[in-house]
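Hi,

Here is the structure I promised to pass on. Please open it first, then read the notes below it.

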Amino acid sequence: MDKVPDSMERRKFVLAAYNAGLGHVFDAIRLAEKYEKDPSIWSGNVESMILNKSKPEFYKDSLAFYGYCRGSETAAYVKEIMDRYNHYRNITPTSEVEL
């Protein structure tokens, strides 16, 4: 994940890898690069490619080594966890240590 310098974005990639597997995330990063999307930004970029990995023209692409992925579940998981994380950050006193 050296390619994702922003720590908040990196969290999204880690969550996606936890949910779908690192191979599928790497596939989505390669597809994002192919389709001229930013491979270091999750929302609207790599997220859109993991969503597309449920379509044959994407999961059969030579860059998609790990094949089919139910990307809608992964995208929803990342969104749900990040929404919850942001909610907790908003209700936690600022004196608490950042993760």
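Ser48 counts as buried because its relative accessibility is 19%, and the cut-off for buried is under 20%. Please keep in mind that this is a predicted model. Ser48 sits in helix α3, which covers residues 42–52. Its side chain reaches back to Asn45: the backbone oxygen of Asn45 is 2.7 Å away.

Next, a helix pair. Helix α1 spans residues 7–20 and helix α5 spans residues 71–91. Their axes come within 9 Å and cross at roughly 135°. α1 and α5 are therefore oblique to each other. The crossing of α1 and α5 is right-handed.

Which residues make the contact? From α1 they are Met8, Arg11, Lys12, Leu15, Ala16, Tyr18, Asn19 and Ala20. From α5 they are Glu73, Thr74, Tyr77, Val78, Ile81, Met82, Tyr85, Asn86 and Arg89. By type, the residues of this α1–α5 contact divide into 10 nonpolar, three polar and four charged.

Last, Leu22. This residue belongs to helix α2, residues 22–34. Is Leu22 buried, partly exposed or exposed? Leu22 counts as partly exposed, because its relative accessibility is 41% and that class runs between 20% and 50%. Leu22 and Tyr66 are 44 residues apart along the chain. Their C-alpha atoms are separated by 9.7 Å.

Best wishes

Terms used: Residues numbered from 1 in each chain as written. Predicted model: local features only at pLDDT ≥ 70, side-chain atom pairs only at ≥ 80, totals over all residues. Heavy atoms only, no water. Helix = DSSP H or I, 4+ residues; strand = E, 2+ residues; numbered from the N terminus. Buried < 20%, exposed > 50% of the residue type's maximum accessible area, 1.4 Å probe, protein only. Polar contact = N/O pair within 3.5 Å; in protein donor to acceptor, adjacent residues only side chain to side chain. Axes fitted to C-alpha atoms, helices over the stretch in contact; angles between N-to-C directions. Parallel < 35°, antiparallel > 145°, perpendicular 65-115°, else oblique. Left-handed = near helix turned anticlockwise from the far one by under 90°. Contact = heavy atoms within 4.5 Å. Nonpolar A, V, L, I, M, F, W, Y, C, P; charged D, E, K, R; others polar.
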